[in-house]
Every structure is written in C-alpha cells, then in structure tokens.
Amino acid sequence: MKRRRSRQFAMLSILAISLAAAVVALRPTERKRVHKQTVRLAARFSKTPGEGPAVMAAKMHTLGDLFADTVVLNLTGFAGNGAYSQAELVSHVSRIRPMFHAIDLSFVDVHVDILGADEASVNLTARLVVSRQDGRTEEDIREVSCRLRKRDGAWRFMAFHEVQVLER
Amino acid sequence: MMPAWVRNFFFPELKRSFWIRLGLVSVVAYGVFGHVCILTRNRGRSMEPTYADGAFNFCWRPRFLFSAPQAGDVVIVRLAGLRVMVLKRVVATAGDTVEFRDGYLFVNGKRQEEPYVRHRGNWNLPPRTVKPGHIYVVGDNRGMPMAEHAFGQTPVRRVKGGPLL
C-alpha cells in the first residue's frame, strides 16, 4: 500500500515537473517574439515557384507590418543602400520579386539581444538563393546585424547592417 | 534462428542498465558531434580542388586551441554561429602585406609557391597589410573570377577550428 502510494507520488511529481518545464519553455518572451519576426520576414520575402498574384499581394501587404517607419539598409556591394520609408521598401521588394522565378531567404544562427523595453538587436546568418527566370541560380550568404523597435506592441525592423567577416 | 548477440544488440532488454547506457551514449554523442567534431558539408567551389563542392567533412574544434593559425593552414571561420561557416586557407598573418599580381600571391613582396592552387585567374589586388589579431584567408580555387570569390582578412577569434579530413 505504502509502496503504491510512493509510486503514485513519484508519477505525480514527474508530471508536475514536466508541466512546469513545458510552461517555462513555451511561454512567450520578448526574445521569442523578436525571433518570430525574423521567421515572418523570411517567409514573406521568399517566393515559391509559380506564386500567384493574390499570394504575392497578401505577402506584400503584410510585409510592411514588419518594418518601422524608416528602415536603413547597409549591405556590402548592394546598390540600394540607404534609408527608406516603410512604403518605399515594400514597393522596392514588390518590383524586385517578379524578376525571379523563386526566392528563398532563410535565417540561421539567430541571436536575439533585448536592449531595452522597446529596442532589440538580432545577429544572424542570412542565406539568399534566387532562381532567375532564365534558370540560373545564385546563392549569397552574409552575416547581418538587425535593429528592431517595438511599436504598437509589435517588433519592427528599423536597420539591417552587414557584418564584415572577410575584409579585402 | 538469430544469434544471441545479434538479438541483444538490436532488441536489448529494456532494463535500467540499458537506459543508463543509452543516456550516456546520447550525452557523449551530443557533446562530441555537437561541439567538438561537427559534421559539415561543403557548399561552393571556392576551395576546389582541395575540398570538393558537396563533400562531407568534420569541423575539428580543438585544431587551434593551443596554437594560432599559420600560413598554409585551412581554417573554418564562423559567421553568426556554427551552422554556416566559411572554409578557407590562411595565406598571411598579422603584420604581413598581401598582394595579388596576375593571379600570383605575394606576401611581403615575395611570390608564394602554392602547390594546392591548380587553376589561376587574372587576379590583381593592390598590397594591403593584415591588421593585428587578424589573418588573411583565401580559397584554393583561383580560377574563378575574383569578384565572385569571398576572401580577405578576418579576426583570429572567428576561427572555430579546422577540417578534420
């Protein structure tokens, strides 16, 4: 009887610890919210082969929600560096996307730092694979540092700076 | 009829000793293959012919634990983390002057013999000095256009090891 009770107690303890661990692991934190914005950015920027105009319009409509009022781009060898308004940036992306058959943007090694109540920085490795309409495929991998600001309860990208790993 | 050792190997008795053994093997495998000897796959042709595109290898993290990378060493340089890294060869260290003339590498004004380079393009790069705490890394494939080849100086602290094979 006593042995059965202690076994039940052990089972309940394991269950309680597992539940507590799950709650801690799954609870939304600012770090996770910022990380999720990087996932959304990659998904909305990417283009699947044969993507229809409705899907593209929906993606571009929601892409703007990820950016702050002004976004600064500073990437090596990129002709479009500078400061853009949210609408300008979405417009540029909308014009670039049809030039490619497929675009695959992914982020790995994403490190999030919460700098304050409404500011965060993200350091990540960005991998961009584009398939041109003529069938050529190009790949570019860069380390990028992003700055985000929280506005209206949502984290928004306000700057993208490339980290120079190899300096000629 | 299956021999006993085969049966024990593939269908072990789920005793406490089995779970302890399984746990230990998992922890050791995670430690070794996750942090010490990381499985990698080469992507890109910048290190050909030494390392082929698509080949598998391991990043041996302790490679430069007790010694700094020297000219001729192949190093693995991290980007934001360890999931995507860059495989290059060190051609010069801090204080050296690096230059390319007609595809040939010159370090401190002397032309370097590079037996690992099979194809040479017409690379030209004015002399530059490697900063303190940095190394200068270049891929072995000099046959590709210089504009498409990622090379240059990088902090030594970014070196995360060397290829095992």
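The model is predicted: local features need pLDDT of at least 70, side-chain atom pairs count only at pLDDT 80 or more, and totals for chains, interfaces and linings use all residues. Residues are numbered from 1 along each chain as its sequence is written, while chains are lettered from A and ligands numbered from 1 in the order in which they are written.

Let us begin with chain B. Its secondary structure comes to 2 helices and 11 strands, where helices (H or I, at least four residues) and strands (E, at least two) are DSSP runs numbered from the N terminus. Along the sequence the pattern is α-α-β-β-β-β-β-β-β-β-β-β-β. Chain B has a radius of gyration of 21 Å, whereas a compact globule of 165 residues would be near 15 Å; the radius is taken over C-alpha atoms, and the globule rule is 2.2 Å times the number of residues to the power 0.38. Along the principal axes, the C-alpha atoms of chain B fill a box of roughly 70 × 35 × 25 Å. Of its 165 residues, 27% are buried. Here a residue is buried if 20 or more other C-beta atoms lie within 10 Å of its own, exposed if 12 or fewer, and partly exposed in between, with C-beta atoms placed from the backbone.

Now look at strand S4 (residues 85-93) of chain B. This strand is largely enclosed by the rest of the structure, because 9 of its 9 residues are buried. Strand S3 (residues 74-78) of chain B pairs with S4(B) in the antiparallel sense over 5 bridges; strands pair if DSSP finds at least two bridges between them. Arg78(B) stands opposite Met85(B) in S4(B), and a hairpin of 6 residues joins S3(B) to S4(B). S4(B) is also joined by 4 bridges to strand S9 (residues 134-138) of chain B, again antiparallel, with Thr93(B) facing its bridge partner Ile135(B) in S9(B).

Strand S1 (residues 67-74) of chain A runs antiparallel to S2(A), joined by 4 bridges, and Val72(A) stands opposite Ala83(A) in S2(A).

Helix H1 (residues 2-26) of chain A has 25 residues and reaches 36 Å from its first C-alpha to its last, close to the 36 Å expected at 1.5 Å a residue; the expected span is 1.5 Å times one less than the number of residues. H1(A) is hardly covered, with a count of 0 buried residues. Arg5(A) has its place in this helix and counts as exposed, with 9 C-beta neighbours inside 10 Å.

Finally, the chains meet through 13 residues from chain B and 13 residues from chain A, two residues being in contact if their C-beta atoms, placed from the backbone, lie within 7 Å. On the chain B side, strand S10 (residues 152-155) gives the largest share, 3 residues.
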